[in-house]
Every structure is written in structure tokens, then in C-alpha cells.
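Here's a quick walk through a few packing details. Have the sequence and the coordinates open as you read.

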Amino acid sequence: MDQLQNSADMCIRRACEKDTGDILKLLVQVDMVHHNGRPDLFKGPASKYTAEELSALYADEGRPIFVYELDGHVAGYAFCIFKQLPNDNVLTDIKTLYIDDLCVDEKLRGKHIGKSLYDYVLGFAKEAGCYNVTLNVWTCNPGAMKFYERCGLVPQKICMEKILSGHFVCAV
């Protein structure tokens with residue numbers, strides 16, 4: 001089955017306490033993608049947040065988390081952060097919704113769950129009066145880069161590095 005059917009068995013909604021176990025598992029999946037590509041930077045297997053930290057995030061209106069629920073389980077998520085720089089000396093005062101993390105369960109990829117989550121976030125950002133939606137993607141994750149390009153995202157800026165010790169090369 002290439003595409004999931006719209007049904008009462010799936011929905012996109014704000015994350016809540018009952019999602020914590022599934023979200024923690026997906027956070028480890030994301031970490032392992034990054035760990036496999038950049039073991040010099042990412043521990044593995046690890047989770048970006050603890051259950052307690054997730055509880056605090058669920059209540060934070062400035063950091064909404066959306067989940068794609070399928071058959072009672074979280075099939076994917078989007079962690080977001082509102083960003084705004086009022087009275088900045090150089091940058092204009094725009095409201096941005098930053099996608100801090102977007103993940104689809106590795107067993108369910110290719111079924112348009114990620115695109116559905118992304119489109120939902122775009123709609124949410126528009127309703128919230130945002131000027132744009134931004135995100136970062138690691139170059140050692142070419143699948144994610146291609147996904148975001150297919151969604152119409154273009155580079156806004158590029159973060160560059162020079163590794164000072166050793167001879168690590170990104171494992172692409």
C-alpha cells in the first residue's frame with residue numbers, strides 16, 4: 001500500500017501525554033539516522049528529550065508538537081518553535097514557525113505521512129500569522145533533503161564547518 005487511506009483510524013493533532021512512549025521511540029530513530037551519518041556529533045541510540053521534558057513541551061504554546069496518529073499510535077511527529085526577533089538591529093520583525101524536528105516511523109515511510117504532517121504545519125503557520133516556515137537539515141541525511149526539496153523548500157542559509165581534529169568525513 002503506497003498511500004494511506006483517509007479514515008477515522010488516522011488524524012493529525014497536537015501531541016499529549018499518551019503519545020510519549022511512541023514519540024520517545026521515534027526520537028531514537030531520528031537520533032540513529034544522525035548518529036549513523038555523524039557519529040562524531042550524535043550519540044546513539046539516544047533521545048533528544050526525556051519523558052519529563054516532553055510533558056513540559058506539550059504545555060508550551062510557543063513550541064507546538066503535532067502527531068500523525070494511525071490506528072492509535074504515533075506514526076510521525078513535527079516539533080515546532082515560534083521564532084520572532086522584535087526590535088532587532090538588522091533583521092525585520094517577522095514571525096517564523098521553525099520545524100525543529102519532523103519524523104515518520106521508519107516502517108511507514110513512503111506513505112505520505114511526512115508530507116501530510118508538513119502540509120498541516122504549513123496551514124497552522126498561516127493561521128498563526130507566520131511569514132515563513134524554516135528548518136535545518138543535516139547533509140548526512142540526503143533522504144530528508146530530497147523530501148524537503150520536493151515539498152518546495154529552498155536553502156535560506158548554509159551552515160559550514162571545519163573539523164579541527166581527526167579526519168572525519170560525513171557518511172552519506
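Buried here means under 20% relative accessible area, exposed over 50%, and partly exposed in between, with a 1.4 Å probe and protein chains only. The model is predicted, so local features need pLDDT of at least 70 and side-chain atom pairs count only at pLDDT 80 or more, while totals for chains, interfaces and linings use all residues. Residues are numbered from 1 along each chain as its sequence is written, and side-chain values use heavy atoms, leaving out hydrogens and water.

Let's start with helix α2, residues 51-58, where Leu-54, Leu-57 and Tyr-58 are buried. They sit on the same side of α2, because they cover an arc of only 100° around the axis (going by directions from the helix axis to the C-beta atoms). Helices (H or I, at least four residues) and strands (E, at least two) are DSSP runs, numbered from the N terminus. The buried residues of α2 pack against α1 (20-37), β2 (65-70) and β3 (73-84), contact being heavy atoms within 4.5 Å.

How do α1 and α2 pack? Their angle is about 115°, and the axes are 11 Å apart. That makes α1 roughly perpendicular to α2 (65 to 115 degrees; under 35 is roughly parallel, over 145 roughly antiparallel, the rest oblique). Axes are lines fitted to C-alpha atoms, for helices over the stretch in contact, with angles from 0 to 180 degrees between N-to-C directions. These residues make the contact:

| Helix | Contact residues |
|---|---|
| α1 (20-37) | Thr-20, Ile-23, Leu-24, Leu-27 |
| α2 (51-58) | Ala-51, Leu-54, Tyr-58 |

Elsewhere, Cys-159 lies in the segment after α4 (142-150). Cys-159 is exposed, at 76% relative accessible area.
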